[in-house]
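Q: Please take a close look at one part of this model, the interface between the two chains. Then set it beside the contacts inside each chain.

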Amino acid sequence: MQIYFSKIEEGVSLAAFKTDKFKSALMTVSFALQLDCETASGFSLLTNLLSLSTGDYPTMQSFSIIKDELYALGLDAYVQRRGEILLVTLEISSIADSFAFDNERVLFKATELLGGAIFKPCLENGIFPEANVESEKKCLIEEIESEIENKPAYAMKQARRILCAGEPFAADSAGETERVAALDGEALMYYYRKAINEAPVFITYVGEAEPQYLEECIKANLPFKKREHTIPKPIIHAPSASIKRVFEKMDIGQCIVILGFYNKMPENARDRAILSVYNEILGGSAASKLFMNVREKEGLCYYCSSYPSGRKNVLFVSCGVEPGNEEKAIESVYREINAMKNGDFSEQELENAKNSIIQSLNGQDDSLGSMTGYLLGQILFDDAVDNERAASLIKAVTKADVSAFAETVCPELEYILGEEAAQ
Amino acid sequence: MNGFNVKEDLSLKEKYYYKTLSNGMKLTVIPKELSTAFAMICCDFGGEDTEYSLGGESFTLPAGTAHFLEHKMFENPDGSDAFSEFDRFGGSANAFTSYENTCFYFSCTENFFENLDILLKSVSGLYITDASVDKERKIIEREIVMYEDHPSTNVSRNLTKALYHASPTLMPIAGTVETVAEINKEVLMRAYEHFYVPSNLSLCVCGRVDGERVAIAAESFFKRSGDRPTTPIKKEPPAVVREKIEEKGIVATPLFSIGIKCPIPEHDDLRAQRSAAAIRLAVSLTFGRAGSFYCDNYAKGLLSERFYAGYVQNNYTAHIVLSGSSNAPEAVFDAAIKELKAKKQTLFTEKELIREKRAAYAEMLTLFDSGDDLTAAMAASSFNSYDEYDCIHVISDITLDEINAALLSLELENSALSIISAFEPQFTQQEEH
C-alpha cells in the first residue's frame with residue numbers, strides 16, 4: 001500500500017492514498033482541538049454553519065445547486081472524537097475525474113468549494129448572519145434532543161458521561177442544548193478563528209488523483225497558514241474503589257444495560273494491539289465470548305458487544321435485555337470478564353481473534369471510509385504505526401499479554417435504562 | 001471462464017460473469033482488484049412471502065418465518081455455530097432478511113474457499129431442534145421489541161398501514177411477538193424444504209476469485225433439485241386506507257412520514273425500473289436539497305436536516321415517501337401536496353433534468369465502490385431480468401417527457417400522513433453505590 005505523506009505547511013499535514021479502485025474520491029480536512037464540555041457546543045454549531053453556505057453561494061439553495069451540478073458533490077462538516085481530541089472535520093466526496101463527462105476537473109472544483117466553505121464562509125458585518133445562526137441552533141438542539149430516539153446510543157452516551165464525570169472524555173462532541181442556545185454570531189467567530197487559524201490541520205485523500213495534481217488542488221484552494229502542531233493528550237481515568245449503579249427510567253420495551261470498566265491505559269502501539277485482541281475475544285465479533293454466551297447460550301439478549309477506546313482507558317459493554325433479566329445479564333457479562341482474567345480462552349480463540357483483526361487491517365484499502373480513518377490516524381498521532389507494523393504487533397500478542405491486560409479491567413459502572421428499577 | 005456468459009460495460013469499466021449451474025443455482029462472478037473477497041448467497045424468500053403455491057398446493061406461513069430461518073441457518077448439526085468456523089478462517093460473516101429475500105454472506109482477505117465451504121455448508125442444510133427453536137424465539141423477541149422501541153421504525157410502519165389494504169409488508173419482516181410464537185420446528189423445516197432449493201438461490205462472489213472453482217463448490221453442496229415456489233399477485237386498490245395515523249412516542253420533535261401511493265407494476269422488469277427512475281427523478285427535483293420546497297421550508301423552520309424524499313417500489317408496494325421531523329407535520333403535508341400541484345402546472349425544465357441526472361448518475365456509481373453493497377445488489381438482481389448496469393443507463397436515457405409524465409400521473413388524493421408525536425418522558429435517575 002503506497003501512502004503519500006506531505007507537509008503542506010507547518011502544522012498542516014497531508015496523507016493520501018492513490019488508487020484506481022474507486023469511482024469516487026474522499027477528502028477530509030480536520031482541525032484538532034481539545035474535547036471539552038464548554039467548547040464542544042460552539043465547534044459543533046460551527047460545523048452546521050460551514051456546511052450550510054459560503055460567501056460565494058450565500059443561500060442554501062444556491063450552494064445545493066452548485067453541488068448537484070458538480071455530480072452531487074457531498075460537502076459535509078461534522079465533529080468527531082478520537083479519545084479526548086475533538087476534530088472539526090469538513091469532507092468532500094466527489095465523483096472521480098475520469099468518470100466525469102467532458103474531462104471535467106471535478107477534484108479541483110470540489111476543493112475550490114471546500115476552500116470557500118473554510119476560508120470564505122457566509123458572513124454579514126464580519127460575523128455569521130443571525131438568521132443562519134438561529135436556524136442552525138434550532139436544528140442542532142433538535143438533533144441533540146433527538147438522541148433519545150436511539151436508545152442504545154443514548155444509553156452509551158449517558159454511561160460515558162457518568163463514568164468519566166469531570167474528564168473531557170465525558171463531553172458530548174455534538175454539544176449540549178443549553179450551551180448551544182447561548183451562542184451567537186460573535187461567539188461563533190471565536191470558534192471559527194480558533195479552528196481555522198490556530199488548530200493543527202490534518203488532510204486526508206483517497207482516490208485516483210496523482211500526488212502532484214492533489215497538491216495543486218490543495219495549494220490553490222486551501223491556503224492554510226502555518227500553526228503549531230500540538231495535539232491534546234488524554235487524561236488518565238483513575239480507578240474507582242466501588243461500582244456505581246445508575247438506573248434511568250424510560251418507557252421502553254427493552255432494558256438497555258451498559259457496564260463501564262476501568263482498564264490500563266494503552267501507552268503505545270503494542271498495548272493497543274493487546275487491547276484489540278482482548279476486545280475481539282471478549283465482545284468484538286459474532287464469535288466472541290459475549291455473543292456466544294450471553295446471547296447464543298443464555299438467550300438473554302439480541303446483541304451484546306464490548307467497546308474499548310484505544311486512546312482512553314475505559315471500556316463499555318452494551319446489551320439490550322428483557323425487563324427483569326438485567327441482573328442475569330450483568331452477572332453473565334461479569335462471568336465473561338472474569339473468564340478473560342482467568343485466561344479461560346483457548347489458543348485457538350486467540351489465533352482466531354488475531355487472524356480476524358489482521359484480515360480487517362488487510363482489507364482496509366477496499367473502503368474509502370476505512371482508509372480515510374486509517375490515514376487520519378497516521379498523521380494525527382505521533383505513535384501511530386502502519387498496517388504492516390500493526391499486523392506484526394497483533395501476531396506477537398500472547399495469551400499471557402491478554403491475561404495481563406484482562407487483570408487490569410475492573411467494573412465501575414452499571415447503568416440501566418428501562419421502565420422500572422430491578423428489585 | 002468456461003461456460004460463463006459475460007457482460008461488460010466499457011463506460012463503467014465494469015464486467016461480470018454469470019451462469020446457471022447444473023443444479024439450477026444462479027452464479028455471478030465479479031472480478032475486482034480488491035484485497036477483500038466477498039461472497040453472498042441470496043434466497044428468494046423474504047418477509048413478504050407468507051403465502052405461496054408449490055406443486056399445485058397452497059401454503060401459508062406465519063409472518064417472520066423467513067427471518068427466523070435466517071437466525072437458524074448458521075447452526076451446525078452438533079449445535080455449534082458457523083460463526084466460530086468463519087472466525088477460524090478470518091471470515092467476517094453475517095446475514096439479513098428483507099421483504100424480498102434472505103442473504104447470507106462473508107468477506108475475507110485470505111482463505112476464501114475455506115470460508116465459501118462454510119457458507120455453502122451452512123445454507124445447504126438446516127439443523128434445528130425444538131429446544132434450539134425455542135431459545136432462538138427469545139432472541140428474536142428481543143430484536144422485535146428493540147425495533148418497536150425505535151420511533152423511526154414505527155412512523156414508517158404506520159405509514160404502510162395507512163397506505164395499504166392487502167400488502168404483506170403490513171407485517172414487520174421479523175414478524176411480531178405473536179406471530180413468532182406460531183413458528184416451530186415443523187414450520188421452519190417446511191419453509192426450508194420449499195424455498196432453499198438451488199433454483200431459488202443465487203450466489204454472487206466479488207474480488208480476485210476463481211469463478212470456475214466457485215461453480216464446482218456450489219454444485220457439490222447443493223445437489224437436490226426442486227421447483228421454485230410462486231407467490232400470488234395481490235391486487236392493491238389505488239385508494240389509501242386512512243389519511244392519517246398518529247401515535248405517541250419518545251421523540252424530541254414529532255416524526256412524520258408522508259406517502260403518496262403509486263400503481264404497483266405487474267412485472268418487475270426494466271420497463272418498471274424506468275418508470276420508477278422517472279418518479280425518483282421527479283421526487284428529487286421537487287423535494288431535493290437544491291429545490292425551493294426544501295430550502296424555503298428549512299428557512300421557515302418547518303423542516304430540518306433529517307428530511308428525506310424518495311420512492312419505494314417492490315413487489316407489493318409503490319409509494320413516494322417524504323419523512324423527517326417537524327413541529328408541524330400537517331403543515332409539511334399540506335405544503336408538499338401544494339408543491340406537487342404547482343409543479344404539475346409548471347413542469348420540469350431540461351436544465352433541471354440535466355443537473356438531476358448528473359447527480360443520480362454519480363450517486364449510482366458509488367455502488368461500485370463498495371464490494372459488499374455491489375455483491376448484495378448483484379446477488380439480488382440475479383432473479384430479475386435487469387441488473388445494476390441497466391439501471392444506470394436508464395437514468396442517462398430518460399427524457400424530460402417521461403419525468404413530466406411521471407409527475408402528471410401522480411394521484412395526490414391517494415396520500416397519507418403518519419406522525420409520532422412526543423409524550424413527556426419521565427426521566428429520573430437513581431444512583432446507588
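A: Chain B and chain A bury about 6,200 Å² between them, with carbon and sulfur atoms giving 53% of that area; buried area is the accessible area (1.4 Å probe) that two parts lose on being put together, summed over both. On the chain B side, R142(B), R358(B) and D369(B) lose the most area to chain A, together 12% of what that side buries. The model is predicted: local features need pLDDT of at least 70, side-chain atom pairs count only at pLDDT 80 or more, and totals for chains, interfaces and linings use all residues. Residues are numbered from 1 along each chain as its sequence is written, chains are lettered from A and ligands numbered from 1 in the order in which they are written, and side-chain values use heavy atoms, leaving out hydrogens and water.

In residues, 68 of chain B are in contact with 73 of chain A, where contact means heavy atoms within 4.5 Å. Four salt bridges are counted between chain B and chain A, a salt bridge being a side-chain nitrogen of Lys or Arg within 4 Å of a carboxyl oxygen of Asp or Glu. K23(A) and E14(B) meet through their side chains in a salt bridge of 2.8 Å, N to O.

Within chain B, the assignment gives domain 1 (5-221) and domain 2 (244-422); such bounds come from an automatic or database domain assignment. The centres of these two domains of chain B, taken over C-alpha atoms, are 28 Å apart. Each of them, domain 1 of chain B and domain 2 of chain B, puts 40 residues into the contact. Their buried area is about 3,300 Å², 69% of it from carbon and sulfur atoms. The rule finds two salt bridges across this interface of domain 1 and domain 2 of chain B. A salt bridge also joins the side chains of K7(B) and D390(B), at 3.0 Å from N to O.

Chain A is likewise divided, into domain 1 (3-221) and domain 2 (244-418), with 29 Å between their centres over C-alpha atoms. Here 40 residues of domain 1 of chain A and 36 residues of domain 2 of chain A make the contact. These domains of chain A bury about 3,000 Å² between them, 81% of it on carbon and sulfur atoms. M156(A), I162(A) and L163(A) supply 19% of the area that domain 1 of chain A buries against domain 2 of chain A, more than any other three residues. Four salt bridges are found across the interface of domain 1 and domain 2 of chain A.
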